[in-house]
Structures are given as C-alpha cells and as structure tokens.
Amino acid sequence: MDALAKERLVGIARTWYEQMRDGIVPYVRLPTRTKHNIEYDDESEVWKYGDKESTRAATTEKSAVHLLKMAYVIGFLKQQLVENRSSTLRELYYISEGWKRAKFSAQDESNLLIEDLEIITDVQREAFHLRPEEDGASIFGPLRIRETTRRGVREMHCQEDVGEAGYPIPNNVDTLDFVDHDAKFVIAIETGGMYARLMENGFDEEYGAILVHLKGQPARSTRRVLRRLSDSLDLPVVVFTDGDPWSYRIYASVAYGSIKSAHMSELLATPQAQFVGVQPTDISDYDLPSDRLTEQDVNALKAELTDPRFATEYWHNQINLQLEMKLKSEQQAFASRGLDFVTKEYLPTRLSEMGVI
Amino acid sequence: MGIAEDLAREQRSISVAEFFEKNKHLLGFDSPTRGIITTIKEAVDNALDACEEAEVLPDIFVGIRKVGDDVYRITVEDNGPGIVPENIPFVFGKLLYGSRFHQIRQSRGQQGIGISAAVLYAQLTTGTPALVVSRTGAREKAHRFELMIRTETNEPQIVSHEEIDWDRTHGTRIEIEFKSTLAAKKRLLDYLRLTAIVNPHARITADIDGEVTSFERASDEVPPCPRPVLPHPHGIEFGALKRLADASDGTVEEFLIESFSRVGKKTAEEMIGIAGLKPTRRVRRLGADELKLLLDAMQGVRVPAPPAQQCLSPIGEDLICRGLEKEIQLDFVRARTRPSAVHSGHAFIIEAALGYGGKLPSEGNAQIFRFANRVPLLYQQGACTITGAVSQVNWRNYGLSQQTLPVGPALIMVHVASTNVPFTSESKDAVASIPEIEREIVLVLQELGRELKAYLSRRERKKQQDDRARAVCSIIPEIAAKVSEIVELPLVDTSPLEGRIMRKVVAKKQTNDGKVCIRVTNYTNSEVALTLYNLSSDTAEDAEPQPDFVDDIGGEYNKVWRCRLDVGEAWQVLYTGVGDGVLDLRGVEDTMKVVVDLDV
C-alpha cells in the first residue's frame with residue numbers, strides 16, 4: 001500500500017517534470033468539485049463526481065503557487081512514506097510554515113489540497129500516513145467490537161464495557177471488526193443532547209438500537225462505520241437530526257456522500273440510510289417550539305432545491321413546506337412535551353411508519 | 001382704540017442688519033464652529049476676487065489665534081488692489097454693499113453680505129470692532145479702521161481711523177474677534193485645500209494657532225478676469241426690465257439692441273413684431289401691460305446663448321489636473337471642460353475631474369468635491385444637484401461599484417461656473433436642481449467614466465501580464481527545483497518554456513551563496529541592444545564581465561552594462577554581493593521586457 005501511494009504521488013511530479021522538459025507549462029486536471037458536477041451512480045447507488053473537469057495550469061501566479069504547494073506536499077509525503085512516519089492534517093498545515101511561498105494560508109487550503117491528491121492518485125489519505133484529528137464521535141448499543149490498537153487487540157461490548165460517553169470511534173476504522181450484535185437497527189443522531197437522552201431513557205435496550213453520535217457534520221471515520229454497520233451486519237440505518245437545512249445536509253452526506261469527498265462515496269456513503277426527522281411536517285404535527293428561518297437558512301433551503309442529492313418528491317415537498325412555514329426546530333424541542341416523549345411516542349411511531357420496527 | 005391702531009404702533013421697518021442678526025443661519029453662521037469657516041470663506045473669496053480683478057497672483061494669509069476663553073482672532077490678509085479709504089466702512093460695515101451685485105459675470109462673492117455679516121457676528125458675540133487695514137498702492141499710505149455696524153440702520157460706525165505705514169505696497173487685511181471653537185479645524189483645512197485646488201494660481205498660507213500649513217501654486221498664470229456682459233433677453237424678469245426701460249432714452253428697438261446681449265436689429269424687430277409695438281416708441285413711455293407683452297415676446301424669440309467666453313472663467317482641464325495632483329496623490333486623473341450652456345438666460349460651464357487610486361481610501365463612498373464659481377461647497381452635500389447627478393450615472397459601467405454614490409478609491413470633482421449659480425439658499429451650500437445643469441454634469445461624468453474604464457482595463461491587462469510573468473519566470477523555476485528533487489533527476493531547465501510563453505526580453509536576478517547572478521535572455525524574434533542598470537549596495541568589483549561604468553550614489557552603486565543580444569541569445573553577469581537593490585532594463589519597449597527579481 002505504501003509503495004503504491006508513493007509511486008502514485010511521485011507519478012504526479014514525474015508528469016510535471018516531463019511537461020516542463022518538453023516546454024509545456026505544468027498542469028493538473030481535476031473533476032470540478034461542486035454540486036453541479038455530481039452524478040448518481042446506479043451501480044453503487046451513491047453520488048460521485050461527473051465528467052466536468054477543470055485544468056489548473058501554472059500560467060497565473062495563483063495557479064502556479066497552487067502547483068508549487070502541491071509539489072511541496074508531494075515531497076513531504078514521499079519523505080514521510082520513505083521514513084515510515086505519520087502526521088495529522090493539522091501538523092501538515094504547520095509544517096508548511098517553513099515552505100516560504102508554498103506556505104498554506106489556512107488549514108482548509110491544505111485539507112482541500114490533500115483531497116485533490118486523493119482524487120488524482122485514487123488513493124485515500126490514510127495511505128499517505130495522514131490522519132485527521134480525533135473528532136469524538138461515538139457508539140452505544142448492543143454490539144461487540146474488536147479493535148487492533150498500538151498496544152494489542154482489545155475486545156469490548158458497546159453497552160457493558162464502555163462509560164457514559166460510549167465507545168469512541170477511532171480514526172482508522174480498518175482496524176475495527178464487528179464480533180457480534182443483538183441489534184435490530186442503527187440510529188445516527190446529530191446532537192450530543194439527544195444521544196444522551198436516548199441512552200438515559202434506555203431506548204437502545206428497549207428497541208435493540210445501536211446509537212451513533214454524529215457530532216454535527218460526521219467525520220469520514222463515522223460515515224465509514226455507518227456504511228460498514230449497514231453492509232456487514234445488514235442492519236437498517238436511520239438518521240435523526242435537527243429540522244433545518246444544515247441538518248438535511250448531514251443526512252445527505254451520510255446517505256448520498258458529500259460534495260467534498262464524492263471521490264470516495266463508495267466507501268463513505270450509506271445509500272440505504274433513511275431520514276427520521278425532525279421533518280418540517282413534524283414541526284406542525286407536534287406543534288414543536290420553533291425559531292424563524294434566517295436569511296441564510298432560506299438561501300440554504302433554496303440551494304438544496306437545486307442540489308441533485310435532494311431531487312426527490314419527498315425532499316421537495318418537505319423543503320417547500322418549510323419555506324412556507326418559515327420555521328425550524330431542534331430535535332431537543334420534543335422535550336417541550338416531556339422528557340420521555342421522544343422515546344415513548346415520537347420515535348416508535350415514526351420508525352414503525354418507516355417499517356424499521 | 002381698535003386693534004388695528006394698536007398694531008399700527010408696533011409696525012415699523014426692519015433693517016437688513018437686524019434681520020440677519022436674528023437669522024444668522026441663512027448666511028452660514030448657525031454655530032460658532034461654522035462661523036469660523038464662513039468668515040474665512042467670505043474673506044478668502046473676496047481676496048481672490050479682488051486679486052483676479054487686479055490681475056495679480058494671489059498671496060493669501062489666513063491666521064487663527066486663541067486670544068481668550070473661546071475667543072479667537074481671525075486674520076485674513078491679501079495682496080489685492082486694496083480698497084479706497086472712503087469705501088472701506090461700507091464694504092465691511094454695511095450689509096448688501098458690493099461691486100458685483102449689478103454685474104453679469106462669474107464671481108465668487110455677489111451680494112456683498114458675506115464679510116459684513118462676519119463683522120456683525122463678531123460684534124454680537126464679543127462686542128469688539130473689526131480691524132481693517134488697506135493700501136491701494138506704493139504712493140498711498142495705508143488706512144487703518146476700527147469698524148462696527150449700527151444694526152438698527154445698517155450703517156457703518158467708524159470707531160477709529162488713522163493713516164499708518166504698512167510693509168505691503170497694496171492689499172487688505174481684516175481682523176475679527178469672535179467666540180468660537182476649533183472643532184472644525186479639519187474641515188477648515190479641507191476648505192483651504194479645496195480652494196487651492198480650484199485656484200491653482202493662488203498661494204495660501206494658514207497659521208492655525210501656531211500650526212502653519214501652506215498650499216503652494218501650481219501655476220504662475222493669472223486667470224483672465226471675467227468681464228461683465230449685458231443681460232440676456234431670456235434671463236430677465238419684469239422688475240428688472242422695467243428698471244432698465246425707465247432708465248433708457250431710446251426707442252424700443254434701440255433699447256433692445258443696446259441693453260441686451262446677443263440682440264441685433266433682426267432679433268429686435270422680431271420681438272417688437274410679436275409684441276405688436278411700434279419700433280419707434282420711446283421705451284420709457286410704455287405702459288406696464290405693453291412691457292409685459294414685450295417681455296413675453298423676448299422670451300419667445302430664439303436668441304443665441306450669452307457670450308460665455310467673456311463672462312465666465314473656467315479653470316481648464318490642465319489646471320484642474322495640476323491642482324488636484326499637487327494636493328492629492330492619484331494614479332489616474334482626467335478633467336473635462338464642457339462647452340458653455342444656458343439656464344434661464346444665464347450662461348454656465350460645467351467642468352469635472354475624475355481621480356482614481358493613489359492615496360484615496362479604497363473603502364467607502366468616493367469623495368465628491370463640489371465647487372461653484374471656484375468656491376468649494378462644504379455643507380449639504382445631499383441636497384446638491386451635483387450629488388444628484390453623480391448618483392444618476394451608472395458607475396458600474398465604468399468599473400466602479402456603486403450604492404447610490406460610487407464606491408471605492410475614486411474622487412469626483414465638479415465645478416459649476418455661471419453668471420448666476422442657482423443656490424438652494426443664501427448660505428450657498430448647495431446648487432439647486434436645474435435640469436439643464438444636471439444634464440451637463442451627467443454628460444461630463446459619463447465622458448470621464450469612459451476614460452476611467454479604459455484606464456482600468458489597461459491596468460487589468462498589465463496586471464495579468466505581470467502575473468503571468470511572475471508565474472512563468474519566478475514560480476515555475478521553483479516548481480522545477482522541487483519536482484526534480486522528488487523524481488531524483490537533474491534540475492529540469494525551464495528556459496525553453498519561459499521563452500515560448502514570454503516572447504520577450506527576460507532579465508532575472510538571483511542570489512545564491514553570496515553570488516549575485518543576473519541573466520538576460522532575448523526571446524523576441526529580433527536583435528536587441530540594451531542597457532542594464534543594477535542599483536544596490538554591492539560594489540561588484542569582481543563582476544564578470546566588468547560594468548561599463550559605476551556611479552557611486554551616496555553609498556549605493558549603480559552598475560551599468562551595455563549588451564547586444566541576437567535572437568535567442570543569453571547574456572549573464574556574476575559578482576560577489578548580497579543581491580539587494582533594484583534591476584532595470586532600458587532600450588526595449590516596456591511591453592517587450594520582463595524583469596524578475598528572484599531575491600524578493
């Protein structure tokens with residue numbers, strides 16, 4: 001794996017070398033990474049980048065500096081692979097401090113560049129020995145796992161052997177095996193408050209649910225765990241978020257893949273994942289406490305109407321309804337009807353309606 | 001007794017002085033802070049007008065000194081023709097006394113209110129008389145007056161009068177003391193700076209409580225003094241017509257030809273025909289009805305525009321640019337003077353300038369400088385037709401962003417010169433909205449906008465070229481170095497690439513391990529002969545080849561090489577040094593050369 005990653009990275013540099021030797025301005029070609037260039041792949045049932053490509057050639061100062069940065073990153077990663085060391089994305093950003101003109105101005109920039117390299121080499125960043133920061137997403141429920149750690153193999157049950165916070169998902173989920181389980185479905189939850197509520201109310205035991213805390217927009221490792229729970233354990237996956245446009249995007253990145261990492265949708269997206277709520281219809285049906293949509297909310301909803309990932313009748317109805325109501329609610333708003341309401345009434349009703357329980 | 005009789009005892013005439021004592025704001029004396037600016041503005045306006053009439057280059061001193069709690073002494077001194085002693089009490093001690101009110105020509109002051117209002121204001125706030133010194137020539141003595149105004153009668157009161165020696169051969173000095181603050185100091189300096197811009201022939205020195213600022217001349221030419229013209233038949237009202245008619249001895253025809261500008265025999269006959277009058281009637285015998293008929297007929301006949309060249313004195317495109325450039329650093333400035341036009345029989349000329357870049361603030365609205373008859377307008381920008389016209393122009397077409405007013409590092413100057421500038425009020429802060437004037441301003445701004453756009457796109461092209469040059473000549477070599485290191489092959493040579501893309505003469509300077517290398521390559525398709533200038537702290541004694549000559553410029557050495565390069569040929573020099581300083585290439589057109597300093 002290391003040899004392949006190194007070969008592919010050096011391959012980019014070799015292409016540039018040859019281009020310059022032949023009197024050609026060095027360039028790279030990349031798929032356009034916007035919502036206008038993602039397409040549904042029937043075979044894998046996920047959204048991937050389409051055919052639109054953009055060329056980045058060193059003909060302007062900005063593009064040339066971009067290529068220069070890429071060259072420095074390739075040089076750094078090659079060295080790291082040769083020495084069999086690893087680093088975090090944040091460390092990479094700081095290392096660039098010493099690169100003069102090739103220094104990154106923000107971490108977003110270096111993260112994006114690493115994603116570009118993943119796309120060009122068709123190799124994941126883990127193969128470059130690059131890790132993201134721990135993001136603290138966790139699992140709680142009737143599931144026994146085996147993790148290969150630096151200090152040996154650990155096996156644990158995600159209800160009996162873990163603390164209040166659950167089992168923290170590691171960065172590299174390839175080291176994780178599912179041993180056995182007693183679950184009927186997986187429920188991914190956006191906020192920590194609702195995750196803790198379901199735990200406290202014993203929802204996992206009562207309905208055989210594996211609770212996965214997404215912690216906002218889920219990290220790649222969290223999305224890969226969901227995909228593997230769906231694939232290898234053949235369990236239905238449902239997603240429970242707040243009722244606003246940003247939360248629908250969380251669902252979309254779980255179910256359909258994100259625009260930023262559409263090159264890895266096959267590994268990260270769970271096409272079978274279903275959306276529980278909070279649905280705009282829930283806001284009126286349950287008379288939930290709500291806030292008015294801000295201008296950004298409205299713009300985000302409108303953008304979703306043109307996002308191919310939301311191009312279904314269900315989503316268009318829900319989004320248009322929300323634009324009419326001009327309201328949004330958080331998942332913890334169910335507390336207005338008592339702390340047990342969400343686990344005793346809302347989720348059982350909604351999940352049986354969806355055919356999950 | 002009836003109420004009418006009671007009231008009758010209270011009814012009496014009011015002197016203008018009393019009226020303005022109560023309505024100070026009408027003349028721009030609404031607050032003590034503004035009072036200072038208005039006083040100086042009136043005095044400077046008079047000084048400039050006087051100098052213009054005498055055709056001398058104005059040299060004006062403005063002084064403000066604190067003399068007590070909240071009391072300031074304001075001094076304005078000029079080198080104008082001076083005022084004869086008999087008139088001094090009236091010029092400064094009587095409102096509505098002036099030489100220009102009855103004349104039809106461009107001038108700054110008009111009604112003869114301004115400076116005497118300042119004297120009145122001083123006497124209201126501190127009770128001190130105004131001090132005036134004036135001298136009309138080398139053979140005359142100077143006269144020194146202490147003056148006040150009798151408000152009940154609007155007549156001057158001479159507190160003292162003596163002949164003194166004065167070092168100026170001619171000129172006038174006025175000193176006024178009144179209660180005020182220096183809160184508007186910045187605005188005052190702005191006013192003086194703007195005055196200096198539109199009067200580039202004037203030198204103005206200001207001493208504000210010990211702090212001296214001078215505005216130097218940009219031109220040594222005295223602008224021609226506008227000469228009075230006869231009224232235009234389209235710009236006259238009944239009262240004025242009657243007054244002129246009463247004073248005339250001639251027939252209707254003679255009257256029309258002699259008393260009005262642009263009226264010849266044919267035009268006069270046409271007017272008289274329409275009015276149905278006999279051409280031989282004595283005009284002063286005409287009844288009110290007949291005069292009205294004549295007035296209507298005068299309006300109805302086409303008459304050429306008033307002689308603007310004679311009665312107006314525009315600043316001129318060149319002097320506007322010089323005036324702006326001496327006070328404000330700009331990257332781009334253009335001025336336009338429109339042909340003269342007419343509003344209700346009054347000649348006017350619009351001049352405008354557009355500046356961009358330089359030291360102008362890049363955030364916020366563009367600055368608008370408004371002028372009327374060479375006087376800056378400082379207040380009520382929103383109420384002024386100049387501002388209205390500026391916001392009517394679609395600046396986005398010309399490369400500026402716009403939110404009502406244009407936004408960005410731009411400066412818009414508009415000058416309205418007219419025999420009768422239609423102000424919105426007597427304080428002369430804003431030009432009233434007259435369609436003819438507004439239209440002319442919009443037109444001139446559009447003309448200037450097109451020039452700005454051309455400049456901005458030229459600049460953009462240049463930027464793109466420079467950008468490309470930097471990418472190709474400076475960053476690609478870095479990419480080459482890094483990539484060669486990664487693939488573990490010899491450093492790839494990027495000069496063929498450079499040549500193919502640039503097709504220019506490329507000069508590059510790079511310093512490595514204390515060795516400065518300057519390399520010039522001719523990628524054009526013709527032979528070039530050029531001179532290379534390298535100014536830096538390096539003496540380059542070991543330079544190979546040796547420079548053709550070296551100039552020692554106060555510790556820096558300007559090394560000059562001459563070389564001749566065939567198509568595709570390269571030349572290089574190497575010397576020991578730190579490689580600071582600058583590199584320049586001459587002998588090739590700007591568009592055909594690229595100079596890259598890889599050490600910065």
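pLDDT is the predictor's confidence in each residue, on a scale from 0 to 100. The complex described here is a predicted model. Chain B averages a pLDDT of 86. In that chain, 98% of the residues score at least 70. Confidence in chain B is lowest in helix α2 (residues 16-22), with a mean of 73. Strand β9 (residues 332-337) of chain B has the highest value, 94. Where pLDDT is low, the predicted coordinates should not be read in detail. For the complex, the predictor gives an ipTM of 0.75 and a pTM of 0.63.

Chain A holds 13 helices and 17 strands. Of its 357 residues, 40% are buried. Among contacts in chain A with a separation of 6 or more, 72% are between residues 24 or more positions apart.

The two chains touch. In this interface, 22 residues of chain B are in contact with 24 residues of chain A. Two helices of chain B, α14 (435-487) and α15 (495-502), each supply at least two residues to the side that touches chain A. The largest share of that side comes from α14(B), with 15 residues. By class, the side of chain B that touches chain A has 13 nonpolar, 7 charged and 2 polar residues.

Within chain B, G323(B) sits in helix α12 (residues 317-327). G323(B) is buried because 29 other C-beta atoms lie within 10 Å, and the cut-off for burial is 20 or more. Leaving aside residues up to four places away in sequence, G323(B) touches I197(B), V198(B), P200(B) and A218(B). A196(B) is 127 residues from G323(B) along the chain, yet their C-alpha atoms are separated by 7.1 Å.

Some backbone features stand out. Most residues other than glycine have a negative phi, and most peptide bonds are trans. A cis peptide bond joins G277(A) and V278(A), with omega about 10 degrees. V278(A) is in the loop between β15 (274-277) and α10 (280-285) of chain A. In chain B, the peptide bond from E544(B) to P545(B) is also cis, with omega near 0 degrees. P545(B) belongs to the loop between β19 (528-536) and β20 (549-553) of chain B.

Positive phi values occur at two aspartates of chain A. For D122(A), phi is near 60 degrees. This residue is in the loop between α4 (107-121) and β6 (130-131). D122(A) counts as exposed because it has 10 C-beta neighbours inside 10 Å. For D234(A), phi is near 55 degrees. D234(A) lies in the loop between α7 (220-233) and β14 (237-240) of chain A. With 8 other C-beta atoms within 10 Å, D234(A) is exposed.

Conventions:
Residues are numbered from 1 along each chain as its sequence is written. Chains are lettered from A and ligands numbered from 1 in the order in which they are written. This is a predicted model: local features need pLDDT of at least 70, side-chain atom pairs count only at pLDDT 80 or more; totals for chains, interfaces and linings use all residues. Two residues are in contact if their C-beta atoms, placed from the backbone, lie within 7 Å. Helices (H or I, at least four residues) and strands (E, at least two) are DSSP runs, numbered from the N terminus. Ala, Val, Leu, Ile, Met, Phe, Trp, Tyr, Cys and Pro count as nonpolar, Asp, Glu, Lys and Arg as charged, and the others, Gly among them, as polar. A residue is buried if 20 or more other C-beta atoms lie within 10 Å of its own, exposed if 12 or fewer, and partly exposed in between; C-beta atoms are placed from the backbone.
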